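Student: Could you walk me through reading this structure, one feature at a time?

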Amino acid sequence: MFWKFDLHTTSHIDQLLDREDVTLRELMEEEDVLQECKAQNRRLLLFLSQDHSMQELVNLITEEPSSDLEEKTRFKFPNIACELLTSDVTLINDKLGGDESLLEKLYHFLEQDPPLNPLLASFFSKTIGNLIARKTEQVISFLRKKHNFIGLVLNHLDASAMMDLLLRLISCVEPAPLRQEVLTWLNEEQLIQRLTELMQTERDEERQSNASQTLCDIIRLSRDQANQMPEAMEPDPLLTVLESEENVARLLKSMFEGEKSEASIVNGTQVLLTLLESRRSGLEGLMELYSQGCERSYTVSGSILRAIEPHLKDFQQLLLDPPKKSAILTTVGVLEQPLGNARLHVARLVASLLQTSDHSVCQELCRLNTMDLLLDLFFKYTWNNFLHFQVELCIPTLQNHDEKAVQGSESQKEEGTPGQDINENETCKYISNYFNVMIIKLYLFQQCRLVQRILDAWEENDRIQAEGGTRRGNMGHLTRIANTVVQNLEKGQVQSQISDLIKELPEDCRGRWESFVGQTLRETNRRNTVDLVSTHNLHSSSEDDDMESPFPNDLSIQQAFSDYQIQQMTANFVDQFGFNDEEFSEHDENINATFDRIAEINFNIDADDNSANAAAFEACFKERIQQFDDCEEEEDIWEDKEINYATQVKSRSRFGVSSSSDSSPKGPVRNGQRGRGSASEEEEDEEGAAQPPTQTATSKKMGSPQTPQSKSFSKPVVSNPGPGELFSCRV
């Protein structure tokens with residue numbers, strides 16, 4: 001769209017600044033004040049950086065607006081003030097970070113009694129966080145002089161903005177030496193210990209949740225930054241305290257002392273899970289963990305495991321006697337006793353502990369019969385897939401990791417020099433590892449009755465489905481658990497021992513297992529590998545039915561196609577793609593340009609056998625169109641040729657109506673049909689034998705004339721014949 005007027009107008013802000021009595025509120029009323037500020041409008045920045053303007057901006061983000069104002073506009077100016085202060089303009093940053101009176105006014109916001117206004121807390125946190133990143137030394141020096149700064153922040157931790165402020169102190173300080181000083185200062189203020197105390201059961205749930213999330217984020221941030229720092233750097237003091245046995249014990253004590261609270265248990269368990277998790281968190285790390293057979297990318301600190309082990313009995317008791325919850329209505333009916341978030345987090349903790357492959361922890365879990373309880377919950381809560389996934393992780397972990405421990409000891413044993421005595425300690429370690437593996441195998445297959453439970457659950461599901469019921473929600477996880485058992489029966493260091501355990505099953509149970517593995521499980525696996533949609537019989541909705549389906553059913557083809565999509569486009573990409581610039585050039589100036597893409601144009605002309613036009617067309621066609629001899633030398637069918645016609649010449653008007661040199665009583669003819677005058681039959685026959693005025697070329701594809709019902713041609717374009725020209729062929 002084109003505009004008639006010049007849009008380069010002067011901003012209204014400049015017009016306001018021309019006034020001597022302009023106020024900050026008037027400027028903030030303008031919609032483009034933020035844009036002008038970020039665009040470095042010099043006059044506006046000078047006005048905003050004045051003392052009275054900065055004082056008013058800070059007051060707006062630290063003092064709650066009057067309740068008499070309309071709710072829609074109550075926080076309008078505080079929001080704009082925060083955006084102006086954090087617009088990352090050097091002049092404003094220097095003024096705010098260098099003026100201690102402004103920093104004092106900001107700090108005074110923390111000295112208010114809780115709870116803080118959530119919006120004002122977010123404005124304050126954003127402003128201080130921006131100063132920490134841009135004016136680091138000045139702000140850190142100011143905050144370190146305030147001995148109660150950490151206490152005030154923790155006092156308002158029920159506001160999530162305070163949690164963000166603490167994380168900015170840890171992650172946004174540069175350079176590395178200054179960051180180390182900040183971490184040391186926070187450690188001297190006992191930040192970790194004070195956050196852990198907030199996890200106690202008598203605290204409010206919002207404060208507990210924010211304290212837990214802060215500890216988890218500190219763990220992840222500290223580990224990520226430790227990986228990026230050179231080895232010569234000092235260790236992170238906060239992470240050292242977090243991973244210490246003393247702090248973990250303090251956390252567990254705050255979880256289980258006093259009245260049992262689900263919030264305290266869940267929040268505390270989240271911190272323990274973060275301490276036990278792999279370096280990479282989130283869905284990507286979870287999928288990597290599962291795809292690698294539950295291998296971990298690093299060894300968990302032994303101090304964490306030693307602190308958790310004495311409290312395993314407390315987690316076991318949570319599985320037996322969880323915090324009371326009322327019945328809930330689900331899509332599959334009323335659940336009288338829900339699983340609960342506490343027991344789900346206990347299952348996650350057990351899975352993480354087993355993944356550490358610590359023999360002492362695994363033996364304690366087996367002694368407490370924890371895995372048997374988890375299997376009970378697995379088959380009881382058939383629709384809780386969160387629980388099913390954790391139990392599924394436990395079973396291959398118990399088998400695969402301990403098996404690798406035996407393999408490692410076996411390889412060290414075999415590497416000894418022939419004739420040389422094996423070290424006594426290595427021999428004891430090998431025997432101990434082997435013994436631990438066997439204990440866990442016996443526990444799974446005998447005490448937990450894993451095989452019998454799989455068979456019973458499968459048969460029960462078949463019975464329910466036979467009666468018209470719904471397939472149970474844990475059958476997919478149960479299938480993968482059964483496949484894991486079969487895989488460990490077929491390979492591994494303890495293959496023969498597991499086979500002996502299967503042979504020791506009752507005869508009827510052993511026969512059921514063999515039949516299940518050979519028939520039911522095999523058929524289930526076959527169905528699970530079949531494509532949900534067959535691509536061979538799909539028909540495209542387009543006119544081209546011969547086009548192949550664009551969905552490959554081979555994973556290797558999919559990967560190749562994906563690689564093709566992300567490959568870098570080189571300079572000759574167009575040539576490789578199959579089109580050249582010349583193919584898109586214009587042919588309008590050259591009417592003799594050839595068609596490289598269109599091989600032929602086919603069309604049909606349908607006519608009535610009894611019509612006079614059909615008879616005239618046949619006569620003209622037989623007389624004037626010569627047959628091609630296939631034996632003759634091939635020639636250019638598009639070459640212009642001179643053609644002689646009969647003496648009777650018909651001229652053609654511009655709009656398709658022909659006129660003859662001979663007089664004719666016929667009326668006007670339109671669209672190739674005869675007029676309705678009183679012409680005689682002889683005149684009609686004479687017109688049927690008329691010659692076409694011009695004919696530049698004919699297609700070599702034309703063969704014998706077809707019936708009048710369907711005339712098929714290639715290349716020529718047929719125009720509507722006039723009264724003296726029933727057929728015209730043009731290219």
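Tutor: Let's go from the whole chain down to single residues.
This is a predicted model, where local features need pLDDT of at least 70 and side-chain atom pairs count only at pLDDT 80 or more, while totals for chains, interfaces and linings use all residues. Residues are numbered from 1 along each chain as its sequence is written, and side-chain values use heavy atoms, with hydrogens and water left out.

Student: How many helices and strands are there in the protein chain?

Tutor: Helices (H or I, at least four residues) and strands (E, at least two) are DSSP runs, numbered from the N terminus. The protein chain has 34 helices and eight strands.

Student: What share of the residues counts as buried?

Tutor: Buried means under 20% relative accessible area, with a 1.4 Å probe and protein chains only. Here 41% of the 731 residues of the protein chain qualify.

Student: Which residues have the most contacts inside the largest nonpolar core?

Tutor: A nonpolar core is a set of buried Ala, Val, Leu, Ile, Met, Phe, Trp, Tyr and Cys residues joined through side-chain atoms within 4.5 Å. The largest one has 154 residues, and Phe149, Leu272 and Met371 have the most contacts inside it. Helix H22 (residues 341-355) gives the most to this core, with nine residues.
Take Phe149: contact means heavy atoms within 4.5 Å. Leaving aside neighbours within four places in sequence, Phe149 contacts Tyr107, Leu110, Leu143, Leu165, Leu169 and Trp185.

Student: And Met371, where does that sit?

Tutor: Met371 is one of the buried residues of H24, as are Asp372 and Phe379. Helix H24 (residues 370-380) is mostly covered, with nine of its eleven residues buried.

Student: At what angle do H10 and H13 pack?

Tutor: Axes are lines fitted to C-alpha atoms, for helices over the stretch in contact, and angles run from 0 to 180 degrees between N-to-C directions. Helix H10 (residues 136-145) and helix H13 (residues 176-188) pack at about 15°, with axes 12 Å apart. That makes H10 roughly parallel to H13 (angles under 35 degrees count as such).

Student: Which residues of H10 and H13 meet?

Tutor: Thr136, Glu137, Ile140, Leu143 and Arg144 in H10 meet Leu178, Glu181, Val182 and Trp185 in H13.

Student: Last one: is Thr214 buried or exposed?

Tutor: Thr214, found in helix H15 (residues 205-228), is buried, with a relative accessible area of 0%. Not counting residues up to four places away in sequence, Thr214 touches Met163, Leu166, Leu167 and Leu195.

Key. Buried < 20%, exposed > 50% of the residue type's maximum accessible area, 1.4 Å probe, protein only. Parallel < 35°, antiparallel > 145°, perpendicular 65-115°, else oblique.
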